Amino acid sequence: MISRSSLYVIAAVVGAAASQTAAGAEASFSAELVDGKRVEGEAVTDWHSADASPRLGDTAVFDESNPMRWLRNDSLAPSGPEAFVELVGGDRLAGVVSGYRYGDELPFVSLPPHLLVESGFKLHDSRQGSRPIRVLSRLVRRIVLRGSGVGGYRPATLILRDGVHRNYDRLRWINEGVEVLDDKGTTSVPLSEIAELHLPRVDPWDAHFEQLAVLAPNGKARLMQLETVDGLRVTCSGHRFTASGNAGSPQSWVHLVQPIWSLDPFSLAHSRIRLRRFYAPHEVPLSNIRPSRSRQVSLFRGGWVWQSNRNVRGGPLSVAGNPFTWGFGVLAYNELEFPLTKSVKSFRVRVGLDDGVGAGGCARAKIFVNRAQGEPLYTSPLLIGSDRVFDTGELPLKGPDGRQTHLLLVADPAEDDHPPDADPWNIRDQLNWLEPMLQIDPQILLEEIRRRQARPIMAWKGWTLDSDGGPPLITSSWVQTDRDYYRFVLQVLPQGKSLSLRRKLHVPEGKHWLALNVRRMAPESTASKLTVEIDGDEVQFDVPDRQTWGEPNPLVVPLEKYAGRQIEVRVTHLPGASPAPLEWNLLAMVDRDPHEILRPAMVDTVRLEEAWSYRVRLSWTCKEVDPAVNQFLVSRGAKNGFELGEESARWNVGLTSTAQVDENPIDGKTAWYAVQTVDVFSRVSKPRYLKVDVPANKPPPNDLSVCPLPVSEGIVVAWAGEIEGDVAEWELHRGSGESGPLKKIATFNDRNVKQYFDRYLEKGKYRYTFKLRDKAGLVSQHNREYPIATSSVVRRINFGGPTLDAPAGVTWQGYQEANRYSTCFVSPNPVKSAGCLEPLYRSERWSHGNFQCHYKVRPGKYLLVVHLAEMNPLFSDPGQRTFDISVNDVVLHKNVDVVAKVGAQTALQLRGIVDVDKDQLVVQFSKGAAGPSVKALEIYRMPE
């Protein structure tokens, strides 16, 4: 069962396409039930999940007693794609063939040969985007890359873009084209030169029964054909169908299908599906079986040919004002001949002249077996005008066993008995065969299905199947096969006590293995076992469970002892008391060690990012990560090429990271690091090595910047800067006066602590500095000493904004003076070295010219601290912004260049002491290379 979260991703993928549906128009639907009753409604409800019960109004789509025969969105019109792939059975995929694959590209999965079709239809996962859809080449009838005007199907014909038609005897696909053999020899033709490619005719009944073997393996599942506005026609059943979306939002509904001819499921928006047909396995719409022969005899309109599911002019089938959703449109005289299968029981069809002829036209419908001679199986009344529909009722058929090999539908212009007032020519003798249906004997049908059930299992190709309980049951299961990818896979359940496959193999000289890629689909069931018998030798395996995704190690039997001879191999599945179905991906002899092949790919590069005595950081790259890989393994060893088990350290790293830090390297030594990928089966890739010379340990660098601030009860010491990873603690030292000894007053080891409140100091001058101590006990030098005096705070002004409360009870008043020459600016970027004052440094006052501030003070000595930081990216280089700072007309700081001193986006404090001999202190910021930019200002009265 698909996960709900995955299906909501699907809904997101197709939501954009769904929104294009008939903008502004209410969708209206019509439907016909099996008993012929027709119903209408504005919307379909409850088709948002696979187990929902969809309805049109009060009518259930899948009512057990009277289900729908078809359901149509009447607001949508069909369109014919320019390029498409037409499948045997009538399905059609819009898109361009871009390549061919033989199916052996994966080492231990047998896939059928298939085409790559670039289509507008999304695969079910958004991550894959425009990934091509893989289409089984043996089920393709016709490929149109560029329309040639031929129209119909011409078996074994190649039409080139230059207009040349070539009938060929044999065709072989190559990666980017085909090789054809005709009377001129063998020619390679690239896809770029092909307009249309018509494949040889295949038995339509054989293809039909093979389709049922996958879509209705028990002969009971109801089949569904969907047609979209994009020209897609696809046949599926409940075995290969699921749905998703929000119950109350039809625009979000997605129907996910995987027909037998596709290796991939793809998503269809409910709002873009214009038509759905429904029928039981024993019912066969005749339009699914292409005519084996057609004959057209017309006096006029010779260019009109028969159409499938359309009238002869290519429009919708409609008679007496009623639409019909499948059948054939022809112009009398016309014969359509269809092969019959031995299981056929009866045939029924309705007939009438197309609505396009109005009251004109004159024709008669006849049905024959084998040839259009003798007594017809059915003859209609004379059809004149389009106002009536005639029903043949059930016409019994005996099939080939009763010498009825073909069914013929004949549209006769009735030239011998048409009324005098009827059309004299055949121009309006446009007859529609409406919803023709063959009935198949259910028991014989089941036998036909069982004979073909093993055919889609590519791993069994070349093996003979023996089953003691009859043919196995082969069904489809929705599974995750990649990290973001789901699809339907075939699973096999024996119907008896065992299932065996046997084959003779010639083992060449050298090493060879018998590889079995088999997985159990129901882990909660009894364990399944496989036995392998080779010329009397026997080995038994437990079948591994299917993982969420990825390729497990195959079961392997070495064949080296049998080299140079032919062996008889028998593989037997013993399902146990509570049997579980198996997924068979490979059963073959291989010439390479499977375990070595399935190792995940190596990382591409490993590089050193930084190396310190206390820390080594490395990173790696992977262009493509194997879908089964779920982690990286990083190891440290003492020598190049060290093996797992010899490492001195190991780290498991999740896929979200491609880097690792070694916090405890051995300093002063050479270390080797290895990076490997690890998959869900614990398989480890080959290592990618990196040599690192780890530096010897040294005292840690001391780059802390300190910002002491006087407050009423002491001094707040704040700091900022990087502290290396191996630093265990850092000590705050204080000295008195200009040169008093430094003493440790506090020790810190929490990197989140950024300040210290030094309380109850006597008035005076002090100096603060730090020392750092690493884990090995090595101690750094003191950083520079930062002087400060206990002072009376006169002002703290926040130039860039309103009043701001900072840590330790410090309040910064907003700038109050009206100044039309300056304005404010707030930066979203962090400020280095700002510490706890970073909020203050995020805003500033700046001017194109000069600006001043005025404060009333008593005469005396004052300390001014100006806070600066260059946050404007237009002034990120030295010399771009310079300015002067003056106090009472005396220059305190000349040509201030913040970027030149500390760099951009970094805090800077400029201190200066001034003597004031009057009652006013005027601070002026004057333009130099550019106008000034200031964060804040502190004014302290110094002690006498």
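A polar contact of 2.7 Å ties the side chain of D182 to that of R166. The model behind this and everything below is predicted. D182 sits in strand 16, which covers residues 177-182. With a relative accessibility of 7%, D182 falls under the 20% cut-off, so this aspartate counts as buried. What else does D182 touch, once neighbours within four places in sequence are set aside? The list is R166, N167, Y168 and D169, and R166 is also the partner in the side-chain polar contact.

Next come the empty spaces inside the protein. Rolling a probe the size of a water molecule over the atoms shows where empty space is left. Searching the whole structure turns up 4 cavities of 30 Å³ or more. The largest cavity holds about 350 Å³ of space. Its lining is made up of 23 residues, and those nearest the centre are P112, L263, P456, R487 and L490. Helix 2 (204-215), strand 42 (485-493) and strand 49 (582-590) are the elements that each give two or more residues to this lining. Strand 42 provides the largest share, with 4 residues. Sorted by class, the lining of the largest cavity comes out as 14 nonpolar, 4 polar and 5 charged residues.

The second largest cavity contains about 150 Å³ of space. Here 15 residues form the lining, with V88, G89, A207, H208 and Q211 lying nearest the centre. Which element gives the most to this lining? Helix 2 does, with 5 residues, and helix 2 also turns up among the elements lining the largest cavity. By class, the second largest cavity is lined by 7 nonpolar, 6 polar and 2 charged residues.

Further along the chain there is a sheet to look at. Strands of a sheet pair through backbone hydrogen bonds, either parallel or antiparallel.

Key. Residues numbered from 1 in each chain as written. Predicted model: local features only at pLDDT ≥ 70, side-chain atom pairs only at ≥ 80, totals over all residues. Heavy atoms only, no water. 1 Å grid on protein atoms, 1.4 Å probe; cavity = no way out; pocket = protein on both sides within 12 Å on 5 of 7 lines; lining within 4 Å. Points joined across faces, edges and corners; volume = space filled by probe spheres on them. Nonpolar A, V, L, I, M, F, W, Y, C, P; charged D, E, K, R; others polar. Buried < 20%, exposed > 50% of the residue type's maximum accessible area, 1.4 Å probe, protein only. Polar contact = N/O pair within 3.5 Å; in protein donor to acceptor, adjacent residues only side chain to side chain. Contact = heavy atoms within 4.5 Å.
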